[in-house]
Amino acid sequence: MFMFEKAVVGGRRYWTWLLVLLGVIGLGLVSYLWQFRTGLGITGLSRDVTWGLYIAQFTFLVGVAASAVMVVLPYYLHDWKAFGKITILGEFLAMSAVSMCMLFVFVDMGQPTRVLNVLLYPTPNSMMFWDFVSLGGYLLLNAVIALVTLSAEKKTVAPPGWIKPVILLSIPWAVSIHTVTAFLYNGLPGRSFWLTAILAPRFLASAFAAGPALLILLCMIIRRLTKFDPGAEPIQKLALIVTYAMIINVFFVAMEFFTVFYSGIPEHIHHFAYLFVGLEGHASLVPWMWTSMLLALVSLPLLIVPKWRKDEKVLAATCAMVFLSLWIDKGIGLIVGGFVPSPLGAVTEYAPTLPEISITLAIWAVGFFLITVFYKITLSVRESLAG
Amino acid sequence: MSLTRTGFVRLLAAPLAALAGRLRAALTARRWAMVIDARKCLKDQGCVKCIEACHRAHNVPDFSESGRQVKWIWKEPFERAFPSQESAYTPEALQGKPVLVFCNHCDNPPCVRVCPTQATWKREDGLVMMDWHRCIGCRYCVAACPYGSRSFNWLDPRPHIRRLNPDFPTRTKGVVEKCTFCDERLAKGQMPACVESCPEKALVFGDLEAPGSAVRELIRSRYTIRRKPELGTKPEIFYIV
Amino acid sequence: MRDRGLILTGLLVFLAGITFPIWYDLAGGKTSRAPDLKRSAQEKVCVAPLSYMRTSHMALLVDWRDQVVRRNVRSFRSFDGKTYTMSLTGTCLKCHDSKADFCDRCHNYAGVRTPYCWDCHVDPKLIQGRTP
């Protein structure tokens with residue numbers, strides 16, 4: 001039923017790739033066992049910076065997961081036939097990303113064996129409760145949708161009618177998962193860096209740029225490695241989405257800068273100052289933030305100018321730039337920036353430790369493992385149909 | 001007839017027993033609050049008796065050398081405790097001077113609002129409580145607290161407890177902790193450890209909603225400030241500065 | 001059946017291996033004895049009947065925990081009318097003063113780890129060896 005048999009048949013490259021990923025996962029698992037035994041003290045976190053690399057990855061990947069809506073919406077609501085073959089790729093990307101999100105939250109918890117307390121003692125006033133529920137629901141939704149549509153494709157029949165409302169539900173649900181994640185941050189009165197109404201729109205804009213950018217890269221990789229060619233048109237349409245989303249995202253960031261610096265409120269300025277010029281001699285994130293800015297600004301003309309957007313070699317580089325820029329901005333910049341300075345004005349820097357990085361890489365490897373298996377199943381089904 | 005020792009003790013027995021019964025009864029209030037007279041506290045700036053009393057009574061571990069301190073009560077320079085009061089013209093008596101800070105047991109606590117498991121909640125009498133059995137260590141409450149009052153146990157605290165008090169549990173790694181207004185002492189009819197230990201009686205603890213209570217009188221008669229009241233958290237620690 | 005010898009040998013090895021825990025303990029003389037609990041020297045009756053405590057002391061402890069921590073109720077009226085303060089270290093361990101001679105005896109025998117209670121709750125015997 002799940003067509004797993006397609007995943008256990010593969011060439012040398014496939015198995016080598018999976019083995020490499022398993023190796024990374026294994027290393028991370030060892031690090032995690034150490035963290036489970038000793039405590040989160042083996043990370044670079046501190047009393048002032050209590051969320052770091054793990055939650056940064058979680059925040060960024062919720063965006064990537066939500067971006068599946070950018071292929072589902074045009075196809076199912078507006079009949080963009082070009083996306084017909086890649087909606088499932090978007091849904092599988094969403095599933096892999098959500099799984100990574102859940103893993104990142106799990107490894108960040110001080111008492112992970114008690115994680116079910118969130119469901120045993122539901123707390124509707126807590127945004128974290130809703131985040132838990134919405135992410136779980138989104139994973140389930142996408143799993144059902146992907147399974148049903150792929151099974152139907154395999155049997156060369158149209159999917160059953162009842163799947164249509166489920167797919168339509170996934171559209172607002174995708175928006176909601178990332179809005180709820182933004183709500184985790186922008187409802188906290190003591191964290192002036194996050195206390196902005198534009199946080200949720202910023203999250204969505206950056207998600208809709210980063211996610212499709214990754215999807216474009218994945219399509220290009222698939223085209224190189226398998227017989228499946230999504231075609232130039234879906235990639236170009238995705239590129240157009242990335243373009244507009246990136247423009248809006250950069251605009252939103254500019255809005256933040258204006259509000260903060262024109263109003264002149266020290267508590268708000270200090271976070272931006274720490275990130276972009278350093279504060280009280282502490283400036284470890286400054287090169288990261290400027291790299292992110294530079295990548296974003298360079299990517300804009302490369303996206304906007306049709307000649308460059310249509311050149312797939314340039315587009316590939318641009319998508320990588322967009323992804324990296326937003327990964328830095330939304331991950332490291334947003335999370336760590338919110339904690340520095342502390343509510344008492346102290347500047348404590350954060351840098352992840354090696355075990356922390358190893359666990360992070362392992363979870364990314366899990367995500368890549370999942371998406372490799374999912375795509376292998378999908379493309380094997382398509383290849384066998386093509387005969 | 002002369003009063004023997006036994007006779008004397010028998011005379012006192014009944015009233016003493018009644019007194020003992022009264023003392024053992026819990027302290028209750030409608031809204032617990034604290035007034036800190038910063039001027040009295042500043043008489044001996046090096047004094048840390050309240051901090052020691054609290055941390056000793058509650059087995060708070062000593063991680064002071066790292067950036068991972070666990071502290072329920074500590075001192076911050078005036079400008080850090082009250083950033084909105086910062087000015088170049090702060091009176092010398094206060095400029096840079098240490099001020100006691102700890103959990104404000106807010107009336108509208110953002111930490112309670114965000115906790116996904118109700119491991120922290122607001123009790124009817126005003127205490128913001130901690131349930132260390134339920135805490136999953138997500139540190140959302142730490143992010144939510146505008147005062148930095150909460151500490152997370154990054155490592156096993158037991159090896160770092162200087163002197164273990166057997167009458168109170170320790171915590172374990174992976175949970176968040178903070179001042180609980182000594183709810184276990186209140187239940188036994190005792191004042192919080194910090195209040196009792198202060199030689200200057202700078203900490204006054206009482207029922208804000210009891211007319212004529214010490215805290216009420218102090219707030220009525222003296223000008224007091226609170227930390228970041230503009231955030232709507234309604235902190236219940238009042239400072240006479 | 002050419003491989004009869006091999007199969008039977010394999011089966012015997014398997015049976016020996018799978019029953020190893022049983023005959024190892026029997027040989028060590030460990031299974032014949034029930035755990036030898038050192039009961040309290042002070043009180044003869046616990047806060048609940050012995051039969052209940054044997055089967056459900058964890059349920060009682062969880063109830064005590066919720067009452068004290070979440071409802072600020074600290075007084076417990078036992079089945080025989082006595083009043084106790086609900087406290088693991090303060091009440092339970094006051095009588096059962098040696099966790100090692102009481103709790104651990106059964107828990108080790110049954111192989112049921114005492115839950116994480118003792119990560120936080122203090123066993124007073126622990127601090128006797130510590131220098132102040």
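Trainee: Into which domains is chain C divided?
Mentor: This is a predicted model. In it, chain C has domain 1, residues 1–30, and domain 2, residues 37–113.

Trainee: What separates the centres of those two domains of chain C?
Mentor: 43 Å, taken over C-alpha atoms.

Trainee: How many residues of chain C are in contact with chain B?
Mentor: 16 residues of chain C, against 14 residues of chain B.

Trainee: Which helices of chain C supply at least two residues there?
Mentor: On the side of chain C that touches chain B, they are α3 (50–71), α4 (88–95), α6 (117–120) and α7 (124–128). The largest share comes from α3(C), with 3 residues.

Trainee: And by class, how do the residues on that side of chain C divide?
Mentor: 7 are nonpolar, 4 polar and 5 charged.

Trainee: Why call chain A as compact as a globular protein of its length?
Mentor: Its radius of gyration is 21 Å, and the globule rule gives 21 Å for 387 residues, so chain A is as compact as a globular protein of that length. The C-alpha trace of chain A spans about 65 × 50 × 40 Å along its principal axes.

Trainee: What percentage of chain A counts as buried?
Mentor: 46% of its 387 residues. On contacts in chain A between residues at least 6 apart in sequence, 80% join residues at least 24 apart.

Trainee: Now chain B. In what order do the strands of its open sheet stand?
Mentor: The order is β8-β1-β9, 3 strands with mixed pairing.

Trainee: Why is one side of β8 and of β9 left without a neighbour?
Mentor: β8 (203–207) and β9 (237–240) of chain B stand at the edges, each with a single partner strand, so one side of each has no neighbour in the sheet. From one strand to the next, the twist averages 20 degrees.

Trainee: How many bridges join β1 to β9 in chain B?
Mentor: 4, and the two strands run parallel. Strand β1 of chain B covers residues 32–37.

Trainee: Which residue in β9(B) is the bridge partner of Asp37(B)?
Mentor: Ile240(B).

Terms used. Residues are numbered from 1 along each chain as its sequence is written. Chains are lettered from A and ligands numbered from 1 in the order in which they are written. This is a predicted model: local features need pLDDT of at least 70, side-chain atom pairs count only at pLDDT 80 or more; totals for chains, interfaces and linings use all residues. Domain bounds come from an automatic or database domain assignment. Two residues are in contact if their C-beta atoms, placed from the backbone, lie within 7 Å. Ala, Val, Leu, Ile, Met, Phe, Trp, Tyr, Cys and Pro count as nonpolar, Asp, Glu, Lys and Arg as charged, and the others, Gly among them, as polar. Two strands pair if DSSP finds at least two bridges between them. Axes are lines fitted to C-alpha atoms, for helices over the stretch in contact, and angles run from 0 to 180 degrees between N-to-C directions. The radius of gyration is taken over C-alpha atoms; the globule rule is 2.2 Å times the number of residues to the power 0.38. A residue is buried if 20 or more other C-beta atoms lie within 10 Å of its own, exposed if 12 or fewer, and partly exposed in between; C-beta atoms are placed from the backbone.
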